[in-house]
Amino acid sequence: MASKPFTPGETRRIVQFLQKPAVFLNMTTDWPALHWTVKHLSTCLTERLRFRIGKRTEDVAPLFETECFYIEATIKEFLSWTANEDQSLVGPFSDYHCKEFWAYADYKYIAQLFQDKPAMFQDVVWSDFGFSGRDGRDSTLWIGTQGANTPCHLDSYGCNLVFQIQGRKRWHLFPPDDSHCLYPTRIPYEESSVFSQVSVVQPDLKKFPAFRRARIHTVTLQPGQVLFVPRHWWHYVESVDPVTVSVNSWIEMDMDDEARVGEALTKTIVCALKGAPSLDNNDRWLNPTEDGVSSHDENMQYLNLAVKACMEKRRDDDTEGTASLAELGKRDSSGLLKTPTSLSFVVPFGPHLIPVNLAHKPTYTCPKDTSCYRYNELSRCQSTSQDEDEPRSDNELHQRSGLHAHQEAGSPETSGGGAGLHISTNDMLQFLVHPDVITLVTRLIMCRQRELHS
């Protein structure tokens, strides 16, 4: 076995204490998955995969998955398509020239892809990062061409380890405190993904002025490197080489139980409003990754199950402690490790661990996005604002919510009465399922549950 700069125990401890993205080097030199190039995978995977197709543009609006084209093709057909730039196109990609379109086979669960080749699960060795037993079975595969991208979003659950295999990917990351600069939205709806309304590489600063205060961190991930993405860090990812392959694994965390309550609550509200018959609901609001629209009864059942699981987890933690990612210390709602000064740990940045730094200073400082409420140790919900009697300005609330009222065609703007403004269902949802609101309501629910069961 090749010598590693960190032992599994050291690496896990580093991951537990990292509070910003970082890149691990020289940790995968002996991983068999390093040979998972597209050419190699084309011989291993002969079944058709679903590819997402997007047009190469420099649009000021994000290209969400609901606006892409989709085809079914084998990796061999994909490889042939990328190699025949100037030849006539045949097969599944015949309508999409690779100079005008990019393709992405994303979110492919390795457990399903290689279910008849289970030995390949061992090619991904997450145990080197201290997660014993975690391998390719707990990972997803991503195959794309230059320009293939994932819209800017944050993941509701856990943290993320990303292993780059072939080609390079450019990551644009933003800290959780900058959420109000990213204008969060749940449309299109996908469980556990909060999207940004901003095209982070071509932002419309007139429509999204607060984005100029966002603190962007960038890194180009090279083959063999592993990127650690902390909990709730926003990220936009784009392939920069002709062909890219990467594998990632989402690592569960203690606060995921409460996050699942919030996701269940979000799904219930979104489906109730967007699932209702209305001329306002003719848009493609459901992400293609979702199986369909659940009934209200199903969503309420899911919500109650999530609340029950969260309550049981808290009782278990109170009596037995926890053996999850934060076993060396508790984390706050932002995922930051809370530990006494005597147990402080200095992350060993150096040639084998490189922090992802701020790309440039924002035009204005983005104030810390603290919640108006917290769930304290005594299970009491209380305000933490120092100046709660002073109302926030309309402009500040407008920017934090990300709401943009639409002016009806042909109607002039007016300063009185709001005439000529139309608020859509999607606009209303910007408020109702805004992450701050969902966090508050979730904590109120759990606060009440603990009160009832105390």
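Author: Start with a phenylalanine. This is a predicted model. Setting aside residues up to four places away in sequence, Phe114 touches Trp36, Leu41, Cys44, Leu45, Met120 and Phe121.

Reader: Which residues of the largest nonpolar core touch the most other members?

Author: That core has 55 residues. In soluble globular proteins, nonpolar side chains tend to be buried together. Phe114 is one of the residues with the most contacts to other members.

Reader: Which residue in E10 is the bridge partner of His153?

Author: Strand E6 (residues 149–155) and strand E10 (residues 193–196) pair in the antiparallel sense over three bridges. Asp155 has Ser193 as its bridge partner in E10. For His153 the partner is Phe195.

Reader: On the E9 side, which residue stands opposite Ser196 in E10?

Author: E9 and E10 also pair in the antiparallel sense, over three bridges. Two residues lie between the strands of this hairpin, and Ser192 takes a positive phi near 75° there. Opposite Ser196 stands Pro184.

Reader: Why does Ser193 count as buried?

Author: Ser193 is found in strand E10. The cut-off for buried is under 20% relative accessible area. Ser193 counts as buried because its relative accessibility is 3%.

Reader: With which side chain does the side chain of Ser193 make a polar contact?

Author: Look at the surroundings too. Leaving aside neighbours within four places in sequence, Ser193 is in contact with His153, Leu154, Asp155, Ser156 and Arg186. The polar contact spans 2.5 Å, and the partner is the side chain of Glu190.

Reader: Which residues of E10 are buried on the side away from Ser193 and Phe195?

Author: In a regular strand the side chains alternate between the two faces of the sheet. Both faces of E10 are covered, with Ser193 and Phe195 buried on one side. Buried on the other are Val194 and Ser196.

Reader: Ala148 next. How far apart in space are Ala148 and Pro242, C-alpha to C-alpha?

Author: Ala148 lies in the loop between strand E5 (140–145) and E6. Ala148 is buried, because its relative accessible area is 0%. Beyond four places in sequence, it touches Trp102, Ala103, Tyr104, Val237, Glu238 and Ser239. Ala148 and Pro242 are 94 residues apart in sequence, and their C-alpha separation is 9.7 Å.

Reader: Last, helix H10. Which of its residues are buried?

Author: Helix H10 (residues 435–453) has 19 residues and reaches 27 Å from its first C-alpha to its last, close to the 27 Å expected. An α-helix has 3.6 residues a turn, so residues three or four places apart point the same way. The buried residues of H10 are Ile438, Thr442, Arg443, Met446 and Cys447.

Notes
Residues are numbered from 1 along each chain as its sequence is written. This is a predicted model: local features need pLDDT of at least 70, side-chain atom pairs count only at pLDDT 80 or more; totals for chains, interfaces and linings use all residues. Side-chain values use heavy atoms; hydrogens and water are left out. Two strands pair if DSSP finds at least two bridges between them. Helices (H or I, at least four residues) and strands (E, at least two) are DSSP runs, numbered from the N terminus. The expected span of a helix is 1.5 Å times one less than its number of residues. Buried means under 20% relative accessible area, exposed over 50%, partly exposed in between (1.4 Å probe, protein chains only). A nonpolar core is a set of buried Ala, Val, Leu, Ile, Met, Phe, Trp, Tyr and Cys residues joined through side-chain atoms within 4.5 Å. Contact means heavy atoms within 4.5 Å. A polar contact is a pair of N or O atoms within 3.5 Å; within protein, one must be able to donate a hydrogen and the other to accept it, and residues adjacent in sequence count only if both atoms are side-chain atoms.
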